[in-house]
Amino acid sequence: MTFKQHKDSTEQSVENTAVALGLSRRGFLGGATHTAALGLLAGWLPAFRIAPASAQATCAVPPNFPSGISLYQQAYENWSGEIAVDSVWTCAPQTALDVLAIVNWAHDNGYKVRPRGRMRNWSPLLLPPGGACPANVVLVDTTQYLTAMSVNTGTSPKTITAQTGVTLDALMAYLESYGLGVTASPSMGDVTLGGVLATGTHGTAVKASGETGLPGKTFGSFSNLVLSLTAVVWDVANNRYALRTFQRSDPGCAALLMHLGRAFIVEATLQAGANQRLRCQTWVNIPAAELYAPPGSPGRTYSSYVQSTGRLTAIWFPFTSNPWVKVWTVAPNKPLFSREVTSPYPYSFTDLSPDIAAMAAQIITGNTALTPAFGKLQYDAVAAGVVTTFTYDLWGWSKNLLSYVKPNTLHITTNSYAVLLRRADIQRAVNEFTVYYQSRLAAYQLLGRYPINGPLEIRVTGLDTPADVAISGAPSPQLSPIRPRPDHPEWDVALWFDLVTIPGTPYADQFFAEVQQWMFSHFSGSYATVRPEWAKGWAFTSAGAWSDTTQLSSTIPDAFRAGQATGDNWDSARTTLNQLDPFRIFSVPLLDALLP
Ligand SMILES: Cc1cc2nc3c(=O)[nH]c(=O)nc-3n(C[C@H](O)[C@H](O)[C@H](O)COP(=O)(O)OP(=O)(O)OC[C@H]3O[C@@H](n4cnc5c(N)ncnc54)[C@H](O)[C@@H]3O)c2cc1C
């Protein structure tokens, strides 16, 4: 079976699914966003392989590839389905030395090498969308073999050393078996450590009022847990790429801690702290008007939860009144009415259901006026789901409550920014953002336009501060969106504003571009600053994400230069990454534009 035949049969089965879900065959095929519908309804294309011996004529076999390392062609598709590329040469090294052999082979043969994790990323840091057989590119699948882990209990704090193909689900389960854990983690743990360190994965947590941080933990991103890492870097003396271990305080490490895919990390050692039991309560009856009220308002405001527990997310479906508020509390003992959970992902109602899939498919095939009903349907699914699954009040070890979205949820696309500001300004910022957001949604609605059909999620974290790191002289990741601003020490937290919609929704890009412009002008001066969330959509124009050349060439770099010391800023990171990979073996077109 060729890729074409395979894809045709996949499309046929998706089309059948769409019809079974209530769409007319004609309506489905006629939709402008047929491809997006494929991603939405089908999820992954089955990941079948073609060995070099049966490679398609159009795809030249990489010459002289190191023997003994599995090499094959495979379709690449990211989670949202927006990046789909057929027949990509992919390999599966078994050891760090295999990785090194691949990189040196790429150098000798004029190829690019891209480490590939679970392919969950939205931004095109691995491959640009479209086509087949990308020339002179080999993806390196780290997930098959590079998954070793070990915990060192003899250090203080304790540490975990892991190869970068390991998933966070596996890493956090392993930590748990040693009584260790993290303060916050992404909503989904089916992402690799390599992907997480490349893009700066975060969860939601700041210190509650009066809380003291635990040794080995951070309120920042996963990158801020790294004590050392091993990367493949250019060795000037030997004129070859080599494996090199960087301690956190070594020159160069600050650029590698979060590198956007401009490096290949094979292993990292992370500090770890004592595991905690958490209680997670869900609220679906707090009006948005109360949660996002102007600062100083009484009641169940966003900042009241920040003060009392430090840990919440608010997920607000469009055209509904009450966000889905999840509040975590550190709770060593089980509260009387909480239900204990012993595994992650307790919220089965977030899996894509047939009725949500059916209405989503109608929206992306043109019936966008269904959006308010779709918002209500999503809210109703949560409000009913937490009751029927008894998940409104849960308690257990941290990972079982921190991981709350499985990959089989509705496949969406997203724009997301971190806003650094004073903790005392959190309520002001969520109020101003939501007032603005509501007014723009209403203005679009008046024109019969519905760019946003998924939720607005607002989370809060600390910063990637060296104070959280167990060793002295630790630098903050130079490319972290939540890098502290030395000239604004009062900016001690970050709010993450994440807007979600189905890929291909009409006017979404225009809407995202407007929001971006508003954010950069509004969260500025002595009030706050904005930086992009690398994994998601940013640099929007109405033509799409990552297309705003002013953002790429100056606005974003300037956001990482502002307030930082010369020699320790955006430009330093760029210089370091270029020195460590002078042949740009680990680069992609987007990074060639952003970090030339
Ligand atoms: C449903 C869902 C929920 C999510 N929730 C959150 C969340 O709550 N918080 C959050 O911060 N993010 C979240 N993400 C984003 C996710 O954490 C990032 O996109 C992450 O990078 C994905 O990891 P991956 O293994 O899939 O990486 P991939 O998509 O495979 O790769 C992403 C980038 O990492 C690079 N990379 C991978 N391995 C290595 C390596 N060994 N060395 C160097 N570079 C490497 C790749 O080259 C590429 O540039 C979510 C994503 C999804 C789909």
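Predicted model: local features only at pLDDT ≥ 70, side-chain atom pairs only at ≥ 80, totals over all residues.
1. Start with the ligand. A shell of 31 residues surrounds it, and the closest are P115, G117, R120, N121 and T192. Helix α6 (193-199) and strand β4 (112-116) each put at least two residues into that shell. The biggest giver is α6, with 4 residues.

2. Backbone atoms do some of the polar work around the ligand. S187 has a backbone N or O atom 2.8 Å from a ligand oxygen. For H202, a backbone N or O atom sits 2.9 Å from an oxygen atom of the ligand, and a polar backbone atom of M119 is likewise 2.9 Å from a ligand oxygen. On its own the ligand has 980 Å² of accessible area, and the protein covers 98% of that.

3. Now the sheet. You have 9 strands in an open, mixed arrangement, ordered β15-β16-β12-β14-β13-β18-β19-β17-β20. At the edges are β15 (339-340) and β20 (528-532), each of which pairs on one side only.

4. Have a look at β17 (413-421) and β19 (493-501) within that sheet. These two run antiparallel and share 9 bridges, with T413 standing opposite T501 of β19. Helix α14 (508-522) lies across β17, β19 and β20, at about 165 degrees to β19.

5. H488 belongs to the loop between β18 (456-461) and β19. H488 has a relative accessible area of 14%, so it counts as buried, the cut-off being under 20%. Leaving aside residues up to four places away in sequence, H488 touches G525 and S526.

6. A few backbone details are worth checking on screen. Most peptide bonds are trans, and most residues other than glycine have a negative phi. Against that background, S156 and P157 are joined by a cis peptide bond with omega of about -5 degrees. P157 is in the loop between β6 (149-152) and β7 (158-163).

7. Two non-glycine residues have a positive phi. Y507 has phi near 70 degrees and is placed in the loop between β19 and α14. R584 has phi of about 50 degrees, and its loop runs between α16 (570-580) and α17 (589-594).

Key: Residues numbered from 1 in each chain as written. Heavy atoms only, no water. Buried < 20%, exposed > 50% of the residue type's maximum accessible area, 1.4 Å probe, protein only. Contact = heavy atoms within 4.5 Å. Pairing = 2+ DSSP bridges. Axes fitted to C-alpha atoms, helices over the stretch in contact; angles between N-to-C directions. Near = heavy atom within 4 Å. Polar contact = N/O pair within 3.5 Å; in protein donor to acceptor, adjacent residues only side chain to side chain. Areas by Shrake-Rupley, 256 points an atom, 1.4 Å probe, with all protein chains shown as cover.
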